[in-house]
Amino acid sequence: MNLVFPPHPFATLPIAGSEQRFPVRRIFCVGRNYADHAREMGALDQAEGREPPFFFTKPGDAVVSGEGEITVAYPPLTNNLHHEIEMVVALGAGGANVAVDAANQLIFGYAVGLDLTRRDMQAKAKEKSHPWDMSKGFDQSAVSGAICPAAVSGHPSVGRIWLTVNGQPRQQGDLSAMMWKVAEIIANLSTLVRLEAGDLIYTGTPAGVGPLVRGDLLEGGVDGVGTLRARIA
């Protein structure tokens, strides 16, 4: 193949306990999958009744990861960068119109992630019914820890999910509070697009999202999956 310029390198994530790396293809995110977060965002109808999940995307190269403390650049054109701690699902196989009871077979593993949001930019977009893309899909907006293979973690459906900022608690919840469970998310998403190995799914955040400033140290985790440590630079 005669290319005009060399293709850009693709993003990869570390795998806990392995020297292998996980190649990232696409990043999907589930919006307002915890009722308490839906309430704090003003989506009362969604909080009170389980509506179909809605999804947004981030570019595959928006992911930032590493061993130990991850350095994350504070993005331009915002004065209100928000954190959202999430469990990330990493797919090792794909499919379309996947049945719920077959969805777990696609999962390679799980990770702890942060969905970062330029909240002020998002609010302006909502006011004008404009797309959210630039408030959600900017560089380094998808932070991820190492992937824990499902062979080690199993398929967690209960367990604490938490985040501290500079040692102070910010977010705390339980995976059991997800309105749409992981297998249901995969099945629903696979009716919209064909999923493939390398796709990441950020599964939603509990209440307590809030602002970050340069120098903040974020530490979070999901029981049975792992932890994450990131510094805003």
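**Exercise 1.** Work out where Gln-140 is found and whether Gln-140 is buried, partly exposed or exposed.

*Solution.* Start with the location: Gln-140 sits in the loop between α4 (133-136) and β11 (142-144). Helices here are DSSP runs of H or I with at least four residues, strands are runs of E with at least two, and both are numbered from the N terminus. This is a predicted model, where local features need pLDDT of at least 70, side-chain atom pairs count only at pLDDT 80 or more, and totals for chains, interfaces and linings use all residues. Residues are numbered from 1 along each chain as its sequence is written, and side-chain values use heavy atoms, with hydrogens and water left out.

Next, the cut-offs: buried means under 20% relative accessible area, exposed means over 50%, and partly exposed is in between (1.4 Å probe, protein chains only). Gln-140 has a relative accessible area of 25%, so it's partly exposed.

Last, check the backbone. Phi of Gln-140 is near 60 degrees, a positive value in a residue other than glycine. Most residues other than glycine have a negative phi.

**Exercise 2.** Find the loop that holds Arg-32, and give its phi.

*Solution.* Look between β3 and α1 (35-40): that's the loop with Arg-32. Now read the angle: phi of Arg-32 is near 50 degrees, again positive in a residue other than glycine.

**Exercise 3.** How many residues does the largest nonpolar core have, and which have the most contacts inside it?

*Solution.* First, the term: a nonpolar core is a set of buried Ala, Val, Leu, Ile, Met, Phe, Trp, Tyr and Cys residues joined through side-chain atoms within 4.5 Å. The largest one has 45 residues, and Leu-114, Val-143, Ile-186 and Ile-201 have the most contacts inside it. Several elements each supply at least two of its residues, including β6 (70-72), β13 (160-165) and β18 (226-232). Helix α6 gives the most, with five residues. Apart from this core lies another, of 16 residues, among them Ala-11, Val-24, Phe-56 and Ala-142.

Now zoom in on Leu-114. With neighbours within four places in sequence set aside, its contacts (heavy atoms within 4.5 Å) include Glu-84, Val-143, Leu-163 and Leu-228.

**Exercise 4.** Place Arg-214 in the chain and list what it touches.

*Solution.* Arg-214 is in the loop between β16 (210-212) and β17. With a relative accessible area of 57%, Arg-214 is exposed. Not counting residues up to four places away in sequence, Arg-214 touches Tyr-74, Ile-232 and Ala-233. For a jump along the sequence, take Val-72: it's 142 residues from Arg-214, yet 9.4 Å away in space, C-alpha to C-alpha.

**Exercise 5.** Describe the chain as a whole: how many helices and strands are there?

*Solution.* Count six helices and 18 strands. Then take the spans: the C-alpha trace runs about 45 × 40 × 35 Å along its principal axes. Finally, buried residues make up 50% of the 233.
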